[in-house]
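Please keep the sequence and the structure at hand while reading.

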Amino acid sequence: MSESKAIQSRLESLIQALPKTELHLHIEGSLEPQLMWDLAQKHGVSLAYSSVDDIKDAYQFEDLQSFLDLYYQGASVLLDEDDFYQLMWAYLCKCNEQHVVHTEIMFDPQTHTERGIEFSVFMKGFERAIKQAENEFGMSVYLIMSFLRHLSEDSAFACLAQAKPYYNMIKALGLDSSELGNPPSKFERVFKQGKELGFLIVAHAGEEGPADYVWEAIRLLDVDRIDHGVRSSEDPSLMEYLKTHQIPLTVCPLSNLKLCVVNDMAQHNILDLLDMDLMVMVNSDDPSYFGGYLNENYLALLHNLPLTEKALVKLVKNSFSASFLPKETKREWIAKIDSLL
Ligand code: HPA
Ligand code: ZN
């Protein structure tokens, strides 16, 4: 084997073997075409597809909105508690296979409550799967409740109120859906209330939207992390701020490629951001729609960018540092990574 092949092979093994976290994952975006098909059959829901392959073939997107249109349609098959259990359980099994030991999962209540599904239906389904994964796999799982930014702030307030019986299951609040035209400032009041209730805060910003939206998320929402944030590189003073304050950016390489945020993986800026000492790490976003779970995202970097072992290890360690785990737990996982190298 040539030396470069041997290095590639070592890095591929490390990607699988290292304990990892995932910090940017929409549970509704982990709905695999087969499960979507099966649940449609179960409930007699008619889909705009004639087969599982037809669903897969439809996943060609030109931007965020073209994806979101199919993502919300796909979620229409999720109707009863067991559907939400199966959705969550399938993702957590995938985490276990890929050696993801901790995950912080976003869910979109309004996608379901707008269709008449009660909070208790999805929260109980999620809870059953999460408890099972904690028991069977020893995994830790946090939930992030995300508001849909194409809806009003009043709708987000209603969502926050409806979630009250489940506050003990929710670690953080997030902001997702159509970014352009829906800046963080639209949700300043509801996040202020969320913060007062003790939730941590994340927000999608700088995916399709400009660097100014990242500034708004920082200054107006007081975020603990930015989801995506890759367009921050367009503003040198923002880059300096993110570096100084080590505000994490939860980067999603395959998502950025599939939604045409970048035209080519070889042009992705994640390694440049890492070189500039920004707190970036790898995530899968909506794996069933974007063609890969966490390890496939790392592999996409390995196969298209000059990823070194040092950079890989830093990305994986960052995934723990930027998590909402207790400090001591982070320290233990990072020491475990060092012991494996
Ligand atoms: N961006 C915004 N909203 C989303 C995404 C995303 O990547 N995935 C699911 N909802
Ligand atoms: Zn996302």
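## Basis of the report

The structure is a predicted model, and local features are described only where pLDDT is at least 70.

## The nonpolar core

The largest nonpolar core comprises 116 residues. Within this core, the residues with the most contacts are L92, M123, M145, F147 and L315. Helix α5 is the element that gives the most to the core, with 8 residues.

The surroundings of M145 can be listed in detail. When neighbours within four places in sequence are set aside, M145 is in contact with F107, P109, F119, C159, L160, A163, I170, A172, L173 and G174.

Helix α9 spans residues 188-196, and its buried residues are V190, F191 and G194. These residues lie on the same side of α9, because they cover an arc of only 95 degrees around the axis. An α-helix has 3.6 residues a turn, so residues three or four places apart point the same way.

The face of α9 turned away from the buried side carries R189, K192 and E196, which are exposed. The cover over the buried residues of α9 includes β3, α8 (153-162), β4 and β5 (200-205). After α9 comes G198, which has a positive phi, near 100 degrees.

## Enclosed cavities

The model contains 2 cavities of 30 Å³ or more. The largest cavity has a volume of about 90 Å³. Its lining consists of 16 residues, of which H26, L64, F67, L68 and D286 are the closest to the centre. Helix α4 (residues 64-74) provides the largest share of this lining, 5 residues.

The lining of the second largest cavity is made up of 5 nonpolar, 1 polar and 2 charged residues.

The largest pocket holds about 220 Å³ of space. Its lining is formed by L271, L274, D275, D277, P306, T308, K310, A311 and K314. Two or more of these residues come from each of α13 (270-275) and α16 (309-321). Nonpolar and charged residues number 4 each in this lining, with 1 polar residue.

The second largest pocket has a volume of about 180 Å³. E127, I130, K131, E134, V141, Y142, L143, N168, M169, I170 and K171 form its lining. At least two lining residues are supplied by each of α7 (119-137), β3 (140-148) and β4 (170-176), and α7 gives the most, with 4 residues. The lining of the second largest pocket divides into 6 nonpolar, 1 polar and 4 charged residues.

Key: Residues numbered from 1 in each chain as written. Chains lettered and ligands numbered in written order. Predicted model: local features only at pLDDT ≥ 70, side-chain atom pairs only at ≥ 80, totals over all residues. Heavy atoms only, no water. 1 Å grid on protein atoms, 1.4 Å probe; cavity = no way out; pocket = protein on both sides within 12 Å on 5 of 7 lines; lining within 4 Å. Points joined across faces, edges and corners; volume = space filled by probe spheres on them. Nonpolar A, V, L, I, M, F, W, Y, C, P; charged D, E, K, R; others polar. Core = buried A, V, L, I, M, F, W, Y, C linked by side-chain atoms within 4.5 Å. Buried < 20%, exposed > 50% of the residue type's maximum accessible area, 1.4 Å probe, protein only. Contact = heavy atoms within 4.5 Å. Arc of directions from axis to C-beta.
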